[in-house]
Amino acid sequence: MPPTDHVIELRNVSKYYRNGREQLAAVDNVSLSVRRGELLAIVGPSGSGKTTLTHIIGGLIKPNQGSVVVNGKKLNEQSDRKLARYRNREVGFVFQSFSLLPQYTALENVAVPLVLARIRPRKRKALATHYLGLVGLEQQASQRATALSGGQRQRVAIARALALQPQLIIADEPTGSLDSARGNEIMRILEQLSKQGITVLLVTHDLDLAARADRIVHIRDGQLAEGPA
């Protein structure tokens, strides 16, 4: 693939943390290229560095060294203000814990990033309704998050991640708290998104789900290796 087809380019990226006098490498000299529209599974044991890696790509933390380029932006050279804009406008995050506001309805939860982006109320409602429909929850729009099942809440979280039409979705263990049927349901949505040209990074312990990705990278002790599940 030509370089211009890559939406993510990491070169010799490392992130270190101090534990007393000891320096621990959560991500250790990682280089990685991800194509536009690719569904990439990142697999590894707890504490291997996979969440740290996706947080670097998502602009939540900065590496100690190396180059991180996403959509042509050098993230490690961006100001905190520009990184905040990047996170809000260009990346959709989906977490295992759903991170929904329990007192809000499904529609209101999807609209949260649109409020932060100062989208006008009428357009905000139209966009939130559209993305709820995309994940099959138009009938649950007025239900509070607490009244939804686990699978429904995760679908609301995906709709919220899509609300500002990002080109990158980072899904960190999105099926971890769901049964296999609901997990497969979420995986089908992620597969559909990648086919629409959205790049999806899937962090998972589920090797069966990982095997459905376009590519798998394994991470252990902060270092990457490609290979089958």
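This is a predicted model: local features need pLDDT of at least 70, side-chain atom pairs count only at pLDDT 80 or more; totals for chains, interfaces and linings use all residues.
Select Glu-9 and Arg-11 to begin with, where a salt bridge brings the closest N and O atoms to 2.8 Å apart. Glu-9 counts as buried because its relative accessibility is 17%, which is under 20%, whereas Arg-11, at 38%, counts as partly exposed.

Next, select Glu-38 together with Arg-215, whose salt bridge has its closest N and O atoms 2.7 Å apart. This pair links distant parts of the chain, 177 residues apart, since Glu-38 sits in the loop between β2 (22-35) and β3 (39-43) while Arg-215 belongs to strand β9 (residues 215-220). Glu-38 is buried at 1% relative accessibility, and Arg-215 is also buried, with a relative accessible area of 16%.

Move on to Arg-155 and Glu-185, whose side chains form a salt bridge at 3.1 Å, N to O. Because Arg-155 lies in helix α5 and Glu-185 in helix α6 (residues 180-195), the pair ties together parts that are 30 residues apart in sequence. Both Arg-155 and Glu-185 are buried.

Finally, turn to the largest pocket, which has a volume of about 370 Å³. Of the 19 residues that line this pocket, select Asn-88, Val-91, Phe-93, Pro-113 and Arg-160, which lie nearest its centre. The elements giving two or more residues to the lining are α2 (80-90), β6 (91-95), α3 (106-116) and α5 (150-162). Colouring the lining by residue type will separate 13 nonpolar residues from four polar and two charged ones.

Notes: Residues are numbered from 1 along each chain as its sequence is written. Side-chain values use heavy atoms; hydrogens and water are left out. On a 1 Å grid over the protein atoms alone, a cavity is a set of points where a 1.4 Å probe fits but cannot get out, and a pocket is an open set with protein on both sides within 12 Å along at least five of seven lines; lining residues have an atom within 4 Å of a point. Grid points are joined across faces, edges and corners, and a volume is the space filled by probe spheres set on the points. Helices (H or I, at least four residues) and strands (E, at least two) are DSSP runs, numbered from the N terminus. Ala, Val, Leu, Ile, Met, Phe, Trp, Tyr, Cys and Pro count as nonpolar, Asp, Glu, Lys and Arg as charged, and the others, Gly among them, as polar. A salt bridge is a side-chain nitrogen of Lys or Arg within 4 Å of a carboxyl oxygen of Asp or Glu. Buried means under 20% relative accessible area, exposed over 50%, partly exposed in between (1.4 Å probe, protein chains only).
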